Amino acid sequence: MTVSSDAIARVYVQLALAIEQHIPGYVDAYYGPPEWREEAEADGLRPVDELAREASALSAAIADDTEMDPQRRDFLAREVRAMQTSLNILQGEQVTLVEEVKALYDITPEWVDEAVFEETHRTLDGLLPPGDSLAERMTIRMKATEIPVERVEPVLHEIIAELRRRTRTRFSLPADEAFQLQLVSDQPWRAYNWYLGNCCSRIEINTDLPLHITGLTDQMAHEGYPGHHTELSIKESQLVREQGWIEHCIALINSPSCVVSEGIATRALSVLMTDNELVAWHASKLFPRAGYGHLDAYREHKVDTAKRELERAVLGNAGFLLHDQGASEDEVVTYVQRCGLLSEEEARKGVHFVNEPLFRSYIFNYRYGGEMLDALFAAQDNHDHWFSRLLTEPVTPSQIRAWMIG
Ligand SMILES: [Zn+2]
């Protein structure tokens with residue numbers, strides 16, 4: 001018996017909703033038929049071995065469906081392989097962190113040598129004003145760029161307007177897209193784009209840690225334009241509404257597509273604005289209007305970029321220390337603070353994120369997703385064309401690797 005592609009997509013979505021009953025938070029976004037979610041909730045915790053059998057049957061059906069668009073089929077096959085890994089882990093299978101990341105995300109994470117961190121420290125040493133230790137100089141810089149929570153909202157709205165205007169002229173944003181912004185607290189992440197469907201999102205900014213004027217534009221590009229909200233609203237419009245590829249009405253937190261989403265998000269700002277354009281806009285408009293006209297926009301941008309990349313690499317190592325090498329959370333906080341040049345508060349937040357079961361392997365997606373886009377852009381001209389393909393097509397890391405050599 002052959003199963004139609006639409007039936008396969010439906011089983012995929014329903015299986016993911018059933019897995020979410022076992023792993024709350026597994027479904028990052030869902031805007032398909034409400035009754036599918038209601039059915040999954042009514043069924044509650046279905047036996048995991050039953051779900052594993054369904055996943056195997058689904059995998060076989062995808063392999064047999066030679067009529068399906070090949071890129072759609074490859075995407076589904078890899079997402080289902082990740083589901084099977086989640087089910088195996090749920091059944092108690094012991095896997096190393098590398099095995100988990102490979103199977104869930106289609107990437108191979110590696111320990112980063114501390115010499116790489118030291119090189120970034122030297123870069124930062126050249127950028128920060130002179131003073132005592134590098135850590136102390138960073139603390140002073142962070143204090144100088146902090147923006148009080150009560151002053152941040154108008155600044156965010158100004159940033160959003162600028163990024164939206166630029167995104168609209170370059171990429172196919174749906175006419176009815178929009179998002180709301182909300183300041184929240186007591187969350188493991190710094191910001192989150194909750195995709196609600198109908199081309200709308202709610203972007204939450206966590207105020208547990210101080211906010212900094214220098215990082216806000218990157219954060220809004222990451223979550224909004226042309227990052228997560230842009231990707232999901234374009235995929236809803238073009239893949240779900242136009243093509244009827246219902247599998248895109250759901251986004252799974254532990255699947256290869258996450259690497260692509262984080263790649264899009266971490267490179268969103270640099271695709272939209274060159275360094276010079278960004279620095280000029282910060283220096284002439286954003287910083288003076290927000291009361292930070294005295295900051296050196298060029299230097300702050302360089303510091304910000306180096307610091308962010310450093311933190312991502314250090315937190316990957318934190319994952320290895322915590323989950324493979326049995327280090328205690330306190331030991332890892334000290335390590336992250338020293339290598340990442342972070343405050344204890346920031347380090348603790350980062351380590352807490354890496355210790356969350358849903359995010360322990362997710363941490364690698366930022367760095368590897370970003371580097372994958374860098375490699376794609378180095379191999380291919382016309383970056384807007386390739387970024388558009390990432391925003392409009394079903395893509396996994398394997399797909400990007402194929403594009404690089406193709
Ligand atoms: Zn993200």
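Biologist: How do the axes of helix H10 and helix H18 cross?
Modeller: The axes of H10 (residues 228–242) and H18 (residues 383–392) cross at roughly 70° and come within 8 Å. Helices are DSSP runs (H or I, at least four residues; strands are E, at least two), numbered from the N terminus. This is a predicted model: local features need pLDDT of at least 70, side-chain atom pairs 80 or more, while totals for chains, interfaces and linings use all residues. Residues are numbered from 1 along each chain, and side-chain values use heavy atoms, without hydrogens and water.

Biologist: New topic. How many salt bridges are there in the whole structure?
Modeller: The search finds 34 (a Lys or Arg side-chain nitrogen within 4 Å of an Asp or Glu carboxyl oxygen).

Biologist: What does arginine 190 pair with?
Modeller: Glutamate 311, with the closest N and O atoms 3.2 Å apart. Arginine 190 sits in the loop between strands S3 (178–184) and S4 (191–197) and glutamate 311 in helix H14 (residues 297–323), so the bridge ties together parts 121 residues apart in sequence.

Biologist: Is glutamate 311 buried or exposed?
Modeller: Buried, at 13% relative accessibility, whereas arginine 190 is partly exposed at 35%. Buried is under 20%, exposed over 50%, partly exposed in between (1.4 Å probe, protein chains only).

Biologist: Which residues form a network of salt bridges?
Modeller: Arg141, Asp218, Glu300, Asp304 and Arg308.

Conventions: Axes fitted to C-alpha atoms, helices over the stretch in contact; angles between N-to-C directions.
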